[in-house]
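Q: I'd like to learn how to read helix packing and pockets from a model. Could you walk me through it?

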Amino acid sequence: MKKLIAVLPGDGVGPEVTAQAVKVLKTIAKKFNHEFSFKEGLIGAVAIEKTGSPLPKETLELCLNADAILFGAIGDPKYDNNPAAKVRPEQGLLELRKKLGLYANLRPIKTFPTIKSSPLKDEIVKDVDFVVVRELTGGIYFGEKCRKDNGQTAFDICSYSKQEIERVTKFAFELSLKRKKKVTLVDKANVLETSKLWREVVQEQSKQFNNVIIEYMFVDNASMQIIKRPTNFDVILTENMFGDILTDEASVIAGSMGLLPSASIGEKTSLYEPIHGSFPKAAGKNIANPIGSILSAAMMLEYSFNLKKESQIIAQAVTKTLEKGFGTKDIVESQPLTTSSFTDKVVYELTSKN
Ligand code: IPM
Ligand code: MG
């Protein structure tokens, strides 16, 4: 199989972890005789520094022409607490999501039995396996924003069209068919008009999926249930901002944000990125956890290229490496490995003949 992968390393630890995922993809290509080529593009704070724009035209062009996109991380503390800054690195990612129509953001939350770094009790996090489907191109993130009264009042509009809700709902229901066949819609339908529309649409669509159990939950309650009884969930469907918040919370179950991958499914091209941010304090130190990025590459193989076997082999190699007690600083206490040496262990599992 021949594929062009756009690589957008971005900011902070983004370049370090992305390089590891590329290493793993190259190993897979060699093992299974695929031809993956990689082309890098600028995005985020590094792009602002070099071009003035967080999403240069060339990068968008590269992404539009690629078969899939591997993304690192975005953000730089120098733009935080600086409300006067006209451009922010994050705008690059938001614009890319919008322009590529990346409407369904999948964030699987799974526990690895050998990792004990979650602050939650063992019996709570044991066997957790759910996935959040977060709508990614609508809601308050993309509604009209405004300042009035000489800047003394501000508003952000949260808006959803029926069509926007329908396509991501369909995606979530179909995904649940391959899993435990349960969808939980998380909203705030006791207060918000957009949430009422979400319920209407989901109720209507659920009729076409008779064998799927549908559950409705208010977001405040969901934020509690996720850490109280996480094994109750299978597919959580939610709007953009609730999904942003709940997935950071859910990452605590796995034990480290560095472990979790994500896929942002688009109409044409899809994007894959670890859910962690740019982690500026760790940048350049070769200590960040590469697993989120490596598993994002595995999701790319499954969702964009339909290479299920190759995808599973990566996930198994990561699990095996963890079972042997290897890990980066965020997940193991004694003798943590560096970003690159951990990946070398994963590559060893991929290439050894046992
Ligand atoms: C995420 C991030 C982004 C978001 C930021 C970087 C704009 O937090 O992907 O979860 O809010 O969507
Ligand atoms: Mg977030």
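Q: Let's start with helix pairs: at what angle do α10 and α11 pack, and how far apart are their axes?
A: The general idea is that two packed helices are described by the angle between their axes and the distance between the axes. Keep in mind that this is a predicted model. Here α10 and α11 pack at about 160°, and their axes are 7 Å apart. Because angles over 145 degrees count as roughly antiparallel, α10 is roughly antiparallel to α11. As for the hand, α10 and α11 make a left-handed crossing.

Q: How does helix α1 sit against α11?
A: Take the angle and the distance together again. The axes of α1, which covers residues 14-32, and α11 come within 11 Å and cross at roughly 130°. That makes α1 oblique to α11. The crossing of this pair, α1 and α11, is right-handed.

Q: And at roughly what angle do the axes of α1 and α10 cross?
A: Roughly 45°, with the axes of α1 and α10 coming within 8 Å. So α1 is oblique to α10 as well. The hand is right-handed where α1 passes α10.

Q: Which element gives the largest share of the lining of the largest pocket?
A: That's α11, with six residues.

Q: How do the lining residues of the largest pocket divide by class, and which domains do they come from?
A: By class, the lining of the largest pocket has 16 nonpolar, five polar and seven charged residues. By domain, at least three residues come from each of domain 1 (1-107 + 262-354) and domain 2 (118-254).

Q: What about the second largest pocket: how much space lies there, and which residues lie nearest its centre?
A: The second largest pocket has about 490 Å³ of space. It is lined by 25 residues, with Ile74, Glu90, Leu93, Asp244 and Gly277 nearest the centre. Two or more lining residues come from each of β3 (68-73), α4 (90-99) and α9 (240-254). The largest share belongs to α4, which gives four residues.

Q: What classes of residue line the second largest pocket?
A: Its lining has 10 nonpolar, five polar and 10 charged residues.

Q: Where does the second largest pocket lie relative to domain 1 and domain 2?
A: Check which domains supply the lining. Both domain 1 and domain 2 give residues to it, so the second largest pocket lies between them.

How values were computed
Residues numbered from 1 in each chain as written. Chains lettered and ligands numbered in written order. Predicted model: local features only at pLDDT ≥ 70, side-chain atom pairs only at ≥ 80, totals over all residues. Heavy atoms only, no water. Nonpolar A, V, L, I, M, F, W, Y, C, P; charged D, E, K, R; others polar. Domains from an automatic or database assignment. 1 Å grid on protein atoms, 1.4 Å probe; cavity = no way out; pocket = protein on both sides within 12 Å on 5 of 7 lines; lining within 4 Å. Points joined across faces, edges and corners; volume = space filled by probe spheres on them. Axes fitted to C-alpha atoms, helices over the stretch in contact; angles between N-to-C directions. Parallel < 35°, antiparallel > 145°, perpendicular 65-115°, else oblique. Left-handed = near helix turned anticlockwise from the far one by under 90°.
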